[in-house]
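Dear colleague,

I am passing the structure below on to you, together with a short account of what was found in it. Please have it open beside this message as you read.

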Protein chains: 2
Amino acid sequence: MADQKCMTCATRTVSNERAIAMLEKAGLRATAPRVILTCLLFCDESHNHITAEELYEQSIEADCRVSLATVYNTLRAFTAAGILRQVNTDCSRVYFDTDPNEHHHFYDEKTGKLINIGENLLKDLKLPPLPDGTELKGVDLLVRISS
Amino acid sequence: MADQKCMTCATRTVSNERAIAMLEKAGLRATAPRVILTCLLFCDESHNHITAEELYEQSIEADCRVSLATVYNTLRAFTAAGILRQVNTDCSRVYFDTDPNEHHHFYDEKTGKLINIGENLLKDLKLPPLPDGTELKGVDLLVRISS
DNA sequence: ATACCTGCAAAGTCTTTGCAATCAA
DNA sequence: TTGATTGCAAAGACTTTGCAGGTAT
């Protein structure tokens, strides 16, 4: 692929090279838009929650504009590939979490913000038997709060 | 209010009178559309999961058509009044649960169906301290499965 | 070479809203 | 009477898709 000219990415912890490696490891083609979005999503190592629209705005601010449609498609592809996780709150909008590992959130209904819960509240959870012919895909726990 | 002529409701377990009582208890005006929707939602005593569109279709089938906008508004009003509970899955659509008490669900990602989990899996759950200045609104647990 | 990806604009889906008419209290 | 509620159609928010051109492998 062509060199990335995105200065925002180039100055972050996760270099373009690292973004490319991350994409390849996930089995995704390292296209220019994906490298940009990977840098924006994972560049500061802090695991974040972001919406498609917010990521789109970030790409504009970074002078690396990626079309909104591609942002949506990429977020979906990243989620399918397991490097992002979708967080469903009140469905007014979908958040994507850059920490794909199982963890939980506070969701502030007033502000719409997500806050990670550090500890694993479900470590002792004993699930009831799953319905016949089904397999477990994941367990979502959301603690709704209001400020 | 005027007598309800909805035969569907009249032949169900929860009579119009009972629907009216339910609405009044919830502090909601007992308008004709609300009585119809209350009958449709709660008539068979089995707690169900339903979408706005499905409820709208049911009202048509019952010859008690309520406009789709009113169905949406009513579901929101019922949820705010505490006689319904919103269940968020993958946000492809919002379900409403006629059991407003805290309980959990299996969500089949393949079929889109919700299944109640009978036991309270969170009875021993110890929540971490809430963020300062916030109050608890509820805890949502969704077990995602696929058939 | 070829299958995949991108951007754009258009379309789609689900939900909310403006407004005049109607209704419950 | 009076504020709440309804239906309709239009608008809105968010997301997906068709297609032509571009790109990674």
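**Two helices of chain B**

The crossing in which H4(B) passes H5(B) is right-handed. On the side of H4(B) the contact is made by B:Ala52, B:Glu53, B:Leu55 and B:Tyr56, while H5(B) brings B:Leu68, B:Val71, B:Tyr72 and B:Leu75 to it. Sorted by class, seven residues of this contact are nonpolar and one is charged, with no polar residue among them. Please keep in mind that this is a predicted model.

**The sheet**

Chain B also has an open sheet of three strands, paired antiparallel in the order E1-E3-E2. Its edges are strand E1 (49–50) and strand E2 (85–88), each of which pairs on one side only. Two bridges join E1(B) to strand E3, residues 94–97 of chain B, in the antiparallel sense, and B:Ile50 has B:Phe96 of E3(B) as its bridge partner.

**The two chains**

Chain B is superposed on chain A by a rotation of 180° with 0.0 Å of shift along the axis, at an RMSD of 0.0 Å, and that is the relation of a two-fold axis. The copies meet through the same surface, because 100% of the interface residues of chain B are also interface residues in chain A.

How values were computed: Residues numbered from 1 in each chain as written. Chains lettered and ligands numbered in written order. Predicted model: local features only at pLDDT ≥ 70, side-chain atom pairs only at ≥ 80, totals over all residues. Heavy atoms only, no water. Left-handed = near helix turned anticlockwise from the far one by under 90°. Helix = DSSP H or I, 4+ residues; strand = E, 2+ residues; numbered from the N terminus. Contact = heavy atoms within 4.5 Å. Nonpolar A, V, L, I, M, F, W, Y, C, P; charged D, E, K, R; others polar. Least-squares fit on C-alpha atoms with pLDDT ≥ 70 in both. Pairing = 2+ DSSP bridges.
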